[in-house]
Amino acid sequence: MRLALGTPIAFVIHPELRNAPSSRPADLMLDEACLLAEAIGLEVVHAEVVALAKLRAGSYFGKGVTERLADLTEDFMSSHDAPVIIINTTLSPVQQRNLETQIKAKVIDRTQLILEIFGARAQTHAGRLQVELAALSFQRSRLVRSWTHLERQRGGSGFLGGPGERQIELDRRMLMDRVIRIKAELKEVTRTRTLQRSNRLRSETPTLALIGYTNAGKSTLFNRLTGAGVLSKDMLFATLDPTMRELDFASGRKAVLADTVGFISQLPTELIEAFKSTLEEVVHADVMLHVHDASSPQVAEEAADVIKVLGDLGMDTETQAARIIHVLNKADLLEPDDEQIASLQNMFPSGVFVSAATGDGVDDLMAHLDRHLGKSAILVTVDVPPIDGAARAWLHQNAMVKSSHFDERGHEQILVSIDPANHARLCARWPDLAILNTVS
């Protein structure tokens with residue numbers, strides 16, 4: 001299979017500055033970059049960490065590194081297709097162009113790689129629009145790269161440009177026109193989602209949003225909780241388009257659960273901006289279930305990356321603390337005496353350990369969520385006449401029955417804990433029903 005990048009084969013290079021190392025081990029960052037490459041079907045045939053004393057403004061790497069990569073690429077091309085060189089950092093347009101010239105192969109950086117993945121994953125019309133907007137925003141600053149051969153055809157003097165500059169301006173204008181059209185279409189998507197959210201608010205149905213680092217198991221947990229058939233694979237960004245399903249609790253309480261796109265370190269700002277209409281489901285959710293990969297050695301760093309993205313979306317620390325419930329997934333991969341368990345308990349004191357794959361701990365999670373959502377529930381005693389059997393059945397299905405007894409008239413006095421939303425539905429559906437002794 002030949003991909004749009006031009007080859008199914010890749011070299012992955014992770015640069016690491018000796019005097020300013022990243023917060024994560026370089027080998028783990030390299031592994032993540034390889035997984036990103038594999039997520040779009042690239043076969044990684046060479047991967048390495050390159051230690052740098054300093055960055056070169058023109059080509060990022062020094063001459064020795066680029067010559068070695070060029071030789072390696074040439075040797076490989078003698079028997080295979082030309083590989084794409086993935087540099088696991090952000091490159092400037094000049095650096096990318098110079099590296100391609102020196103190595104004589106296609107070079108992309110981390111941002112372009114993630115954009116490629118999102119482009120391959122988007123299934124809905126809205127998702128494809130958001131990816132295209134992010135890609136155009138990224139390309140806008142790099143248009144000059146595509147027309148350097150024309151830019152040399154300068155005519156006149158001073159600031160008068162030749163056909164090269166006219167071509168660049170034409171291309172930039174076409175790009176901006178497309179950006180404007182996409183933003184107009186996304187405004188309609190946002191309006192539709194706002195209306196849907198308003199309907200949920202009017203019915204007072206709480207919304208829960210699954211968030212977390214990519215590949216933490218959000219979609220597997222979503223399927224386990226709702227019985228949905230959302231794509232769930234051991235792959236980075238397996239799910240891109242948001243999915244929403246109703247969630248039923250044992251108490252009769254109902255909620256809407258949203259599965260959202262996973263986050264990642266150095267998530268391109270173009271994607272955050274383009275996907276704001278999707279990520280609004282996170283911002284407006286009553287509860288955010290922050291799903292962690294409990295088996296990951298970088299769980300703290302991954303959690304910090306998620307918190308950073310939430311901050312980029314305008315959510316302050318206090319709001320996050322009030323709305324987030326931590327779910328420690330993949331607990332089946334931990335040994336009972338694993339030191340990681342104690343560390344996670346210290347890191348997330350109220351976190352719930354679950355295994356979405358096996359189902360262990362899911363009932364505990366549901367009970368925890370039910371209690372959390374029940375904080376706003378009210379206690380009422382409903383006087384149900386014998387002829388209102390439908391009301392009695394509805395209460396048993398949609399509220400938590402605390403006790404019941406029959407009076408001398410044969411009416412059943414049912415004490416229930418009920419959500420404000422269901423309380424409003426009860427009053428609207430049976431307006432003549434006596435609801436007594438409301439306790440806040």
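Q: Is Phe11 buried or exposed in this predicted model?
A: In this predicted model, the relative accessibility of Phe11 is 1%. A residue counts as buried under 20% relative accessible area. Phe11 is therefore buried.

Q: Which residue forms an aromatic pair with Phe11?
A: The structure holds 3 aromatic pairs. In one of them, the ring centres lie 5.6 Å apart and the planes stand at 80 degrees, which is an edge-to-face arrangement. The partner of Phe11 in this pair is Phe76.

Q: How many residues apart are Phe11 and Phe76?
A: Phe11 lies in strand S1 (residues 9-17), whereas Phe76 belongs to helix H2. The pair thus joins distant parts of the chain, and the separation is 65 residues.

Q: Why does Phe76 count as buried?
A: The cut-off for a buried residue is under 20% relative accessible area. Phe76 counts as buried because its relative accessible area is 17%.

Q: Is the pair of Tyr60 and Phe61 stacked or edge-to-face?
A: Both Tyr60 and Phe61 are buried. Their ring centres are 5.4 Å apart, and their planes meet at 75 degrees. Planes over 60 degrees apart count as edge-to-face, so the pair of Tyr60 and Phe61 is edge-to-face.

Q: Is helix H2 oblique or roughly antiparallel to helix H3?
A: Helix H2 (residues 63-77) packs with helix H3 (residues 93-103) at an angle of about 50 degrees, and their axes are 8 Å apart. That angle makes H2 to H3 oblique.

Q: Which residues of H3 meet H2?
A: On the H2 side, the contact involves Thr66, Leu69, Ala70 and Thr73. The residues of this contact comprise 4 nonpolar, 3 polar and no charged. From H3, the residues that meet H2 are Leu99, Gln102 and Ile103.

Q: What arc do the buried residues of H3 cover around the axis?
A: The buried residues of H3 are Gln95, Gln96, Leu99, Glu100 and Ile103. They lie on the same side of H3, because the arc they cover is only 130 degrees.

Q: Which residue with a positive phi follows H3?
A: The phi of this residue is near 65 degrees. The residue that follows H3 is Lys104.

Key. Residues are numbered from 1 along each chain as its sequence is written. This is a predicted model: local features need pLDDT of at least 70, side-chain atom pairs count only at pLDDT 80 or more; totals for chains, interfaces and linings use all residues. Side-chain values use heavy atoms; hydrogens and water are left out. Axes are lines fitted to C-alpha atoms, for helices over the stretch in contact, and angles run from 0 to 180 degrees between N-to-C directions. Helices (H or I, at least four residues) and strands (E, at least two) are DSSP runs, numbered from the N terminus. Angles under 35 degrees count as roughly parallel, over 145 as roughly antiparallel, 65 to 115 as roughly perpendicular and the rest as oblique. Contact means heavy atoms within 4.5 Å. Ala, Val, Leu, Ile, Met, Phe, Trp, Tyr, Cys and Pro count as nonpolar, Asp, Glu, Lys and Arg as charged, and the others, Gly among them, as polar. Buried means under 20% relative accessible area, exposed over 50%, partly exposed in between (1.4 Å probe, protein chains only). The arc is that of the directions from the helix axis to the C-beta atoms. Rings of Phe, Tyr and Trp (its six-membered ring) pair if their centres lie within 6.5 Å; planes under 30 degrees apart count as stacked, over 60 as edge-to-face and the rest as tilted.
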